[in-house]
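Please look through the structure below before reading on.

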Amino acid sequence: MPLYDCMLLLKPQVKKEALMELVARVGKHVLRRNGVLTDMKSFGTVQLGYGIKKLDGRYYQGQLMQMTMMATPNMNKELLYLNKEDRLLRWLLVKHRDTKYGLDFLNEDDERRELSKYPRSSIYDNEDMDKDDDDEDDEEYAVEQHESKEN
(Lines give C-alpha, C1' and ligand atoms only; values in the text may rest on other atoms or scores of the structure.)
Protein backbone atom coordinates (compact mmCIF):
# COMPACT_ATOMS: atom_id res chain seq x y z
CA MET A 1 0.00 0.00 0.00
CA PRO A 2 1.33 3.45 -0.85
CA LEU A 3 2.00 6.13 1.75
CA TYR A 4 -0.20 9.27 1.62
CA ASP A 5 -0.38 12.61 3.41
CA CYS A 6 -3.89 13.97 3.88
CA MET A 7 -3.85 17.71 4.56
CA LEU A 8 -7.01 19.17 6.09
CA LEU A 9 -7.53 22.93 6.31
CA LEU A 10 -10.46 23.70 8.59
CA LYS A 11 -12.24 26.94 9.34
CA PRO A 12 -10.60 28.83 12.23
CA GLN A 13 -13.72 28.92 14.45
CA VAL A 14 -14.20 25.11 14.41
CA LYS A 15 -14.11 23.76 17.98
CA LYS A 16 -11.49 21.21 18.94
CA GLU A 17 -14.12 18.52 19.54
CA ALA A 18 -15.55 18.96 16.01
CA LEU A 19 -12.06 18.92 14.54
CA MET A 20 -11.20 15.68 16.33
CA GLU A 21 -14.52 14.15 15.24
CA LEU A 22 -13.72 14.88 11.59
CA VAL A 23 -10.16 13.54 11.89
CA ALA A 24 -11.46 10.42 13.66
CA ARG A 25 -14.02 9.87 10.92
CA VAL A 26 -11.30 10.01 8.23
CA GLY A 27 -9.12 7.69 10.33
CA LYS A 28 -11.93 5.17 10.76
CA HIS A 29 -12.58 5.28 7.02
CA VAL A 30 -8.91 4.43 6.37
CA LEU A 31 -8.95 1.62 8.93
CA ARG A 32 -12.13 0.10 7.46
CA ARG A 33 -10.30 -0.14 4.12
CA ASN A 34 -7.41 -2.03 5.81
CA GLY A 35 -5.22 1.08 5.88
CA VAL A 36 -2.96 2.26 8.67
CA LEU A 37 -2.54 5.75 10.15
CA THR A 38 1.18 6.27 10.71
CA ASP A 39 1.31 9.88 11.90
CA MET A 40 -0.90 12.86 12.76
CA LYS A 41 0.24 16.45 13.16
CA SER A 42 -1.60 19.62 14.05
CA PHE A 43 -0.07 22.87 12.86
CA GLY A 44 -2.64 24.96 14.72
CA THR A 45 -4.02 28.15 13.25
CA VAL A 46 -2.12 29.32 10.18
CA GLN A 47 -2.30 32.53 8.15
CA LEU A 48 -3.30 31.92 4.54
CA GLY A 49 -1.62 33.58 1.59
CA TYR A 50 -5.00 34.52 0.14
CA GLY A 51 -8.60 34.49 1.27
CA ILE A 52 -10.67 31.38 0.65
CA LYS A 53 -14.24 32.29 -0.23
CA LYS A 54 -17.01 30.10 1.17
CA LEU A 55 -20.77 30.61 1.39
CA ASP A 56 -20.47 32.10 4.89
CA GLY A 57 -17.62 34.52 4.11
CA ARG A 58 -13.96 34.80 3.20
CA TYR A 59 -11.32 33.15 5.41
CA TYR A 60 -7.75 34.37 5.85
CA GLN A 61 -6.88 31.86 8.60
CA GLY A 62 -7.40 28.13 9.01
CA GLN A 63 -6.56 25.21 11.26
CA LEU A 64 -4.14 22.85 9.50
CA MET A 65 -3.97 19.10 10.18
CA GLN A 66 -1.78 16.47 8.51
CA MET A 67 -2.58 12.76 8.57
CA THR A 68 0.00 10.31 7.18
CA MET A 69 -1.43 6.94 6.22
CA MET A 70 -0.81 3.78 4.28
CA ALA A 71 -3.93 3.18 2.23
CA THR A 72 -5.22 1.63 -0.97
CA PRO A 73 -4.60 3.53 -4.21
CA ASN A 74 -8.30 4.39 -4.61
CA MET A 75 -8.33 6.32 -1.31
CA ASN A 76 -8.56 9.64 -3.18
CA LYS A 77 -11.92 8.65 -4.66
CA GLU A 78 -13.14 7.37 -1.32
CA LEU A 79 -12.40 10.68 0.40
CA LEU A 80 -14.53 12.72 -2.01
CA TYR A 81 -17.22 12.93 0.68
CA LEU A 82 -14.99 15.58 2.29
CA ASN A 83 -16.06 18.00 -0.47
CA LYS A 84 -19.47 18.27 1.23
CA GLU A 85 -18.00 18.93 4.67
CA ASP A 86 -18.82 22.52 5.63
CA ARG A 87 -16.13 22.68 8.36
CA LEU A 88 -13.37 22.26 5.76
CA LEU A 89 -11.87 25.04 3.69
CA ARG A 90 -9.64 22.72 1.63
CA TRP A 91 -8.33 19.17 1.68
CA LEU A 92 -5.55 17.52 -0.27
CA LEU A 93 -4.26 13.97 -0.57
CA VAL A 94 -0.57 13.70 -1.56
CA LYS A 95 1.09 10.41 -2.47
CA HIS A 96 4.67 9.86 -1.31
CA ARG A 97 6.87 9.09 -4.31
CA ASP A 98 10.02 6.95 -4.41
CA THR A 99 9.40 5.60 -0.91
CA LYS A 100 10.40 1.99 -0.42
CA TYR A 101 8.61 -0.01 2.27
CA GLY A 102 7.54 -3.56 2.98
CA LEU A 103 8.87 -6.30 0.70
CA ASP A 104 10.16 -3.78 -1.85
CA PHE A 105 12.58 -2.45 0.77
CA LEU A 106 13.70 -5.89 1.95
CA ASN A 107 14.47 -7.11 -1.59
CA GLU A 108 16.96 -4.33 -2.37
CA ASP A 109 20.12 -6.42 -2.83
CA ASP A 110 21.93 -3.63 -4.69
CA GLU A 111 22.02 -1.41 -1.60
CA ARG A 112 23.39 -4.23 0.54
CA ARG A 113 26.20 -4.80 -1.96
CA GLU A 114 27.06 -1.09 -1.78
CA LEU A 115 27.47 -1.29 2.01
CA SER A 116 29.61 -4.43 1.79
CA LYS A 117 32.24 -2.51 -0.22
CA TYR A 118 33.31 -0.70 2.94
CA PRO A 119 35.07 -2.79 5.57
CA ARG A 120 33.68 -2.58 9.07
CA SER A 121 37.07 -1.67 10.57
CA SER A 122 37.16 1.62 8.65
CA ILE A 123 34.43 2.93 10.92
CA TYR A 124 36.66 2.63 13.97
CA ASP A 125 39.90 3.96 12.45
CA ASN A 126 39.09 7.55 13.42
CA GLU A 127 38.65 6.86 17.14
CA ASP A 128 42.18 8.03 17.97
CA MET A 129 41.57 11.39 16.32
CA ASP A 130 38.42 11.94 18.39
CA LYS A 131 40.28 11.25 21.64
CA ASP A 132 42.90 13.89 20.81
CA ASP A 133 40.25 16.49 20.09
CA ASP A 134 38.56 15.80 23.43
CA ASP A 135 41.80 16.47 25.34
CA GLU A 136 42.16 19.90 23.73
CA ASP A 137 38.62 20.79 24.71
CA ASP A 138 39.29 19.84 28.33
CA GLU A 139 42.29 22.15 28.52
CA GLU A 140 40.29 25.08 27.18
CA TYR A 141 37.54 24.40 29.70
CA ALA A 142 40.03 24.27 32.57
CA VAL A 143 41.49 27.65 31.59
CA GLU A 144 38.04 29.24 31.37
CA GLN A 145 37.11 27.78 34.73
CA HIS A 146 40.29 29.14 36.33
CA GLU A 147 39.65 32.63 34.93
CA SER A 148 36.14 32.71 36.34
CA LYS A 149 37.43 31.96 39.86
CA GLU A 150 39.70 35.00 39.75
CA ASN A 151 36.79 37.31 38.92
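A residue is called buried when its relative accessible area is under 20%, exposed when it is over 50%, and partly exposed in between, with a 1.4 Å probe and protein chains only. By that rule E85 is buried, because its relative accessible area is 11%.

This is a predicted model, in which local features need pLDDT of at least 70, side-chain atom pairs count only at pLDDT 80 or more, and totals for chains, interfaces and linings use all residues. Residues are numbered from 1 along each chain as its sequence is written, and side-chain values use heavy atoms, with hydrogens and water left out.

- Helices (H or I, at least four residues) and strands (E, at least two) are DSSP runs, numbered from the N terminus.
- Strand 1 covers residues 3-10, and seven of its eight residues are buried, so the rest of the structure largely encloses it.
- Two strands pair if DSSP finds at least two bridges between them.
- Strand 1 runs antiparallel to strand 3 (residues 57-70), and eight bridges join the two.
- M7 has Q66 in strand 3 as its bridge partner.
- Strand 1 is also joined to strand 4 by seven bridges, again antiparallel.
- Y4 has K95 in strand 4 as its bridge partner.

**L22 in helix 1**

- L22 is part of helix 1, which spans residues 16-32.
- L22 counts as buried because its relative accessibility is 0%.
- Contact means heavy atoms within 4.5 Å.
- With neighbours within four places in sequence left aside, L22 is in contact with L10, L82, E85, R87 and L88.
- L22 and L88 are 66 residues apart in sequence, and their C-alpha atoms are 9.4 Å apart in space.

**E85 and its surroundings**

- E85 sits in the loop between helix 2 (75-78) and strand 4 (88-95).
- Beyond its neighbours within four places in sequence, E85 is in contact with L22 and R25.
- A polar contact of 2.6 Å joins the side chains of E85 and R87; the term means a pair of N or O atoms within 3.5 Å, where within protein one must be able to donate a hydrogen and the other to accept it, and residues adjacent in sequence count only if both atoms are side-chain atoms.

**Salt bridges**

- Side chains of opposite charge can pair when their charged atoms come close.
- A salt bridge is a side-chain nitrogen of Lys or Arg within 4 Å of a carboxyl oxygen of Asp or Glu.
- A search of the whole structure finds five salt bridges.
- One of them joins the side chains of K11 and D56 at 3.1 Å, N to O.
- This pair links distant parts of the chain, 45 residues apart: K11 is in the loop between strand 1 and helix 1, and D56 is in the loop between strand 2 and strand 3.
- K11 is buried at a relative accessible area of 9%, whereas D56 is partly exposed at 47% relative accessibility.
- R25 and E85 form a salt bridge through their side chains at 2.7 Å, N to O.
- R25 lies in helix 1 and E85 in the loop between helix 2 and strand 4, so the pair ties together parts 60 residues apart in sequence.
- R33 and E78 form a salt bridge, with their closest N and O atoms 3.0 Å apart.
- Salt bridges that share partners join E21, R25, E85 and R87 into one network.
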